[in-house]
Amino acid sequence: MMEATKLIQNIRDDLSDVDNKISSHPYLDALMKGDVSVEALRAFPGNQYTIITSDLRSIAFLVHRFGDAPSRDFFLEVLRGERQALDGLIVLAKKLDMSMGDLAYYDVCAKGIAYTTFMAWQALYATPAEFAAGILVNFPAWGHNCGRMSTALRKSYGFTEKDTAFLDGFANMPPLDAAAMVIVQDGLEQGVEPAQIHRGARLFQAFEMMFWDAMLEETKGKKR
């Protein structure tokens with residue numbers, strides 16, 4: 001297990017700068033101050049609905065690809081989490097007076113959904129080790145920001161804990177390290193190059209940053 005552990009730690013060290021930028025993103029500061037209009041705030045569930053529904057299909061396809069592999073249970077657990085998240089997202093959207101039609105036909109922006117296009121690519125072409133490592137590195141950053149956003153919405157916008165269930169679910173995810181490390185180690189032993197695994201994690205974080213940048217641009221009225 002030391003080889004996988006060392007690789008993931010190296011990846012985290014290499015990506016620490018972008019992780020810090022994600023966790024201190026100015027969009028979250030603006031939310032905490034109440035400076036994001038409700039109209040601009042709707043961009044979050046609007047884009048996330050496309051992301052979550054796409055990710056559900058992508059992760060289900062990973063279960064299909066690797067349903068007889070040791071990684072199956074890991075993918076099934078991620079899939080269950082995404083399914084629960086969808087219910088919470090709909091509740092959050094309702095708080096912003098968004099209907100199911102509003103979510104389904106929201107005018108998403110390219111930067112806002114770039115993450116899910118990479119997730120779909122991963123589902124088609126990546127090894128279990130690449131995907132597991134990417135999720136292992138990415139989910140803590142996403143969960144941290146969800147926690148900050150949940151706090152901001154309750155403090156500055158009158159949301160309740162019920163309204164922020166989508167965000168709180170990600171903010172309080174159980175650790176994935178043990179299961180993911182086994183998959184990464186297995187991939188390394190089967191010949192997956194560490195550079196491949198590193199690249200996937202780096203791109204996941206880059207697309208994560210793009211999502212928050214897109215949300216900030218919505219607050220400034222920039223064209224998409």
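Predicted model: local features only at pLDDT ≥ 70, side-chain atom pairs only at ≥ 80, totals over all residues.
Is Asp168 buried or exposed?

Asp168 lies in helix H10, which runs over residues 165–171. Its relative accessibility is 19%, and because the cut-off for buried is under 20%, Asp168 counts as buried. Apart from its neighbours within four places in sequence, Asp168 is in contact with Ser150, Arg154 and Glu161.

Next, the core. The largest nonpolar core has 80 residues, and the members that touch the most other members are Tyr27, Leu31, Phe44 and Met149. Helix H9, residues 128–156, supplies the largest share of this core, with 14 residues.

Take Leu31 from that group. With neighbours up to four places away in sequence left aside, the contacts of Leu31 are Val36, Leu41, Met149, Ala152, Leu153, Ser156 and Tyr157. Met149, on that contact list, is itself one of the residues touching the most other core members.

Now the helix pairs. Two packed helices are described by the angle between their axes and by the distance between the axes. I have two pairs to show, and H9 is in both.

Helix H8 covers residues 110–125, and its axis comes within 10 Å of the H9 axis, crossing at roughly 155 degrees. Angles over 145 degrees count as roughly antiparallel, so that is how H8 is placed relative to H9. The crossing of these two helices is left-handed.

On the H8 side, the residues that meet H9 are Tyr115, Met119 and Gln122. On the H9 side, they are Glu130, Phe131, Ile135, Asn138 and Phe139. By type, the residues of this contact divide into five nonpolar, two polar and one charged.

What is the relative accessibility of Gln122? The value for Gln122 is 1%, so this residue counts as buried. Gln122 sits in helix H8 and touches Leu62, Arg65, Glu130, Phe131 and Phe204, again with residues up to four places away in sequence not counted.

Met119 is also found in helix H8, and with a relative accessible area of 1% it is buried. Which residues does Met119 touch, not counting residues up to four places away in sequence? They are Asp55, Ser58, Phe131, Ile135 and Phe204. Asp55 is 64 residues from Met119 along the chain, while the separation of their C-alpha atoms is 6.7 Å. Phe131 and Phe204 are on the list for Met119, and both are on the list for Gln122 as well.

The second pair is H5 and H9. Helix H5 is residues 43–65; it packs against H9 at an angle of about 155 degrees, and the two axes are 16 Å apart. H5 and H9 are therefore roughly antiparallel to each other. Here too the crossing is left-handed.

Which residues make the contact of H5 with H9? H5 contributes Phe44, Gln48, Ile59 and Leu62, and H9 contributes Phe131, Trp142 and Met149. These residues divide into six nonpolar, one polar and no charged.

Where is Asp97 found? It is in the loop between helix H6, 72–95, and helix H7, 100–104. Its relative accessibility is 63%, so Asp97 counts as exposed. Its phi is near 60 degrees, a positive value in a residue other than glycine.

Ser23 belongs to helix H2, residues 16–23, and with a relative accessible area of 24% it is partly exposed. Setting aside residues up to four places away in sequence, Ser23 touches Leu28, His144, Asn145 and Arg148. From Ser23 to Leu188, the distance is 30 Å between C-alpha atoms and 165 residues in sequence.

Last, Ala206 in helix H12, residues 194–219. Ala206 has a relative accessible area of 34%, so it is partly exposed. Its C-alpha atom is separated by 22 Å from that of Lys6, which is 200 residues away along the chain.

Definitions and conventions. Residues numbered from 1 in each chain as written. Heavy atoms only, no water. Core = buried A, V, L, I, M, F, W, Y, C linked by side-chain atoms within 4.5 Å. Buried < 20%, exposed > 50% of the residue type's maximum accessible area, 1.4 Å probe, protein only. Helix = DSSP H or I, 4+ residues; strand = E, 2+ residues; numbered from the N terminus. Contact = heavy atoms within 4.5 Å. Axes fitted to C-alpha atoms, helices over the stretch in contact; angles between N-to-C directions. Parallel < 35°, antiparallel > 145°, perpendicular 65-115°, else oblique. Left-handed = near helix turned anticlockwise from the far one by under 90°. Nonpolar A, V, L, I, M, F, W, Y, C, P; charged D, E, K, R; others polar.
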